[in-house]
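Biologist: I want to learn how to read a fold from its coordinates. Can we go through one together?

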Amino acid sequence: MVSTVKMPKSPPAWEDLPLSQAADSIDLDNIKTQLDLVLLSLEALAGIGSEEMLQAAAELNLESMITDRVALWRLRQSNPLRKSSGGRKKLDVEEARSLVLIICHLAKDHQELIRRAVALLEQMTQQNSEPHRAALLGDYLDNFNNTYRERMTQEEKVSTDSLKQLALKLLIKLLFYSGAKGHQRLWLALLGKVS
């Protein structure tokens, strides 16, 4: 009988996520927004929720940074685009690093699904067909659109086409974040070192 017990993964070293500039000069508002949007993309595609995020934190030995659902919710509420009911918390660099590790851990766990979605997107693009015509992409786009509209402020009306473009861009980025050194790619992108 083959064992299916998952061995805990050791977290990538903090040295993998360097600060090339002083922590106080980092644009944390932009980082908060980007991290929350990448998580939203993962949620929309893979159907993950707070339980999976907390499980990933446990597997990465990051429980001290993200202790429970409330702590996770407060971190995500730090995104300035979110509708808020007063639960905002200031995100610090260590919490941002923790979210990067959790996102990439979850993306790696769902890498096959991400690859399938990106392959479908390429196929639909080659055929000059709308992505939503493929069931997987249609569900993803609907989930992303609905969740975004439910959670984010609507001061400026965001068009459905703009949200579709954002969702597809994030999907492609998820592919890179799900691979080897994905956490470094995401961290560098957040710091504006890569696109």
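Biologist: What share of the contacts with a separation of 6 or more joins residues 24 or more positions apart?

Modeller: Here the share is 70%. Keep in mind that this is a predicted model.

Biologist: How many helices and strands does the protein have?

Modeller: Eight helices and zero strands. From the N terminus, the order reads α-α-α-α-α-α-α-α.

Biologist: How do I read the packing of two helices, say α1 and α4?

Modeller: Start with the axes. Helix α1 covers residues 28–46 and helix α4 covers residues 93–109. Their axes lie 11 Å apart, at an angle of about 20°. Angles under 35 degrees count as roughly parallel, so α1 is roughly parallel to α4. The crossing of the two is left-handed.

Biologist: Which residues of α1 and α4 meet?

Modeller: From α1 come L28, I31, L35, V38, L39 and L42. From α4 come V93, A96, L99, V100, I103, L106 and A107. By class, this contact has 13 nonpolar residues, no polar and no charged ones.

Biologist: At what angle do α2 and α4 cross?

Modeller: At roughly 105°, with the axes coming within 9 Å. Helix α2 spans residues 50–59. The range from 65 to 115 degrees counts as roughly perpendicular, so α2 is roughly perpendicular to α4. On the α2 side, E52, M53, A56, A57 and E59 make the contact. On the α4 side, I102, H105 and L106 do. This contact divides into five nonpolar, one polar and two charged residues.

Biologist: Next, burial. How much of the protein is buried?

Modeller: Buried means under 20% relative accessible area. By that cut-off, buried residues make up 43% of the 195 residues.

Biologist: And the largest nonpolar core: which members touch the most others?

Modeller: That core has 55 residues. I31, L35, L99, I102, Y140, F144 and L186 touch the most other members. Then ask which elements supply the core. Those giving two or more residues are α1, α2, α3 (69–77), α4, α5 (111–126), α6 (135–151), α7 (160–177) and α8 (182–190).

Biologist: Take one of them. What does L186 touch, leaving out residues up to four places away in sequence?

Modeller: L186 touches L35, V100, I103, C104 and Y177. Look back at L35: that residue is on the α1 side of the contact with α4. V100 and I103 are on the α4 side.

Technical notes: Residues are numbered from 1 along each chain as its sequence is written. This is a predicted model: local features need pLDDT of at least 70, side-chain atom pairs count only at pLDDT 80 or more; totals for chains, interfaces and linings use all residues. Side-chain values use heavy atoms; hydrogens and water are left out. Axes are lines fitted to C-alpha atoms, for helices over the stretch in contact, and angles run from 0 to 180 degrees between N-to-C directions. Helices (H or I, at least four residues) and strands (E, at least two) are DSSP runs, numbered from the N terminus. Angles under 35 degrees count as roughly parallel, over 145 as roughly antiparallel, 65 to 115 as roughly perpendicular and the rest as oblique. A crossing is left-handed if the near helix is turned anticlockwise from the far one by less than a right angle, and right-handed if clockwise. Contact means heavy atoms within 4.5 Å. Ala, Val, Leu, Ile, Met, Phe, Trp, Tyr, Cys and Pro count as nonpolar, Asp, Glu, Lys and Arg as charged, and the others, Gly among them, as polar. A nonpolar core is a set of buried Ala, Val, Leu, Ile, Met, Phe, Trp, Tyr and Cys residues joined through side-chain atoms within 4.5 Å. Buried means under 20% relative accessible area, exposed over 50%, partly exposed in between (1.4 Å probe, protein chains only).
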